[in-house]
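This briefing is meant for a reader who is meeting the structure for the first time. Please look over the sequence and the model before reading on.

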Amino acid sequence: MKSLYLYFLCILISVQMNSSAQNIKNKGNYTYLVREEKGDLNNDGKLDRITVKMDLTDETRPLRLQVFLSQPNGKLTLAVSSTKVIEPQYPVEKQGKPNGYQIPSFFIEKGILRMWSEIEGGNITYDFKYNNGNFELIKVKKFTHDETKGYIDEYTIFTETEFNLISGLRTETDDRSDSGGILSKRKKIVLIRPLPKLQDFKFSDKKIY
C-alpha cells in the first residue's frame with residue numbers, strides 16, 4: 001500500500017513539473033528591449049512606464065507589451081501584459097518571411113497611451129485612456145491611399161479616417177494632392193460597447209477600424 005502511494009505521488013509530482021515547465025515556456029523569454037516610454041498615464045503626477053520586449057529565442061520574434069503604473073510608494077506595478085497587441089516579426093503563416101512592417105511606436109501624451117503602427121497602404125494610431133483600472137480604446141485615426149502602381153502620383157487618393165469610440169462618430173475624408181480641396185466626406189455612427197480594452201486588443205483588430 002505504501003509503495004502504491006509513493007508511485008502515485010511520483011506521478012503527481014511529474015505532472016506538476018511538466019505543467020510548470022509548460023507555463024514557463026508559454027511565458028516566453030522576452031529579454032530584448034525594443035521600445036520604452038515614460039509618462040503619467042493615470043493622472044497621479046508620477047511617471048509610469050511602457051516597455052516592448054522581443055523574444056530572441058523564438059524564431060517568429062514575438063513581442064510583448066507591458067504597462068507599469070507607479071504606486072504611492074514609488075514602485076511600479078504591472079497593469080497590462082500582452083503578446084497579442086504587436087504582430088511577431090516573422091509570423092508563422094509567412095514561413096520565415098518578415099511581416100513587412102516596423103515595430104509600432106508608443107507615446108504618452110496628456111495621459112493618453114498612443115500606439116502608432118504601419119498598415120498596408122498607410123498607418124494607424126490608437127489612443128487608449130486609463131479608466132476604472134483599464135486602458136480603454138477611445139480614438140482611432142487612420143491614413144491610407146489607393147495606389148496600386150508601386151508609386152504615388154497626382155491621381156492617388158488619400159483617405160483619412162477618424163473614429164471617436166466614445167461618441168461613435170466615424171468620419172472618412174478623401175483628398176488628392178492636386179485637387180485643392182476635399183473630394184468627399186462620409187460620416188456614420190458606429191457604437192462599440194463596452195469600449196475595447198488594451199489587454200484584449202489584438203494586432204489583427206486593425207481590420208475592424
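Threonine 51 lies in strand S2, which covers residues 48-55; strands (E, at least two residues) and helices (H or I, at least four) are DSSP runs numbered from the N terminus. The model is predicted, so local features need pLDDT of at least 70 and side-chain atom pairs count only at pLDDT 80 or more, while totals for chains, interfaces and linings use all residues. Residues are numbered from 1 along each chain as its sequence is written, and side-chain values use heavy atoms, with hydrogens and water left out.

**Threonine 51**
- Threonine 51 is buried, with a relative accessible area of 2%, where buried means under 20% relative accessible area (1.4 Å probe, protein chains only).
- Leaving aside residues up to four places away in sequence, threonine 51 touches Leu33, Arg35, Glu36, Arg64, Leu65, Gln66 and Phe68, a contact being heavy atoms within 4.5 Å.

**The sheet around S2**
- Four strands form an open sheet in the order S1-S2-S3-S4, with antiparallel pairing, and two strands pair if DSSP finds at least two bridges between them.
- Strand S1 (30-39) and strand S4 (76-82) stand at the edges, each with a single partner strand, so one side of each has no neighbour in the sheet.
- S1 and S2 pair in the antiparallel sense over eight bridges, and tyrosine 30 stands opposite aspartate 55 in S2.

**The whole protein**
- The protein has one helix and 11 strands.
- Of its 209 residues, 33% count as buried.

How values were computed
Buried < 20%, exposed > 50% of the residue type's maximum accessible area, 1.4 Å probe, protein only.
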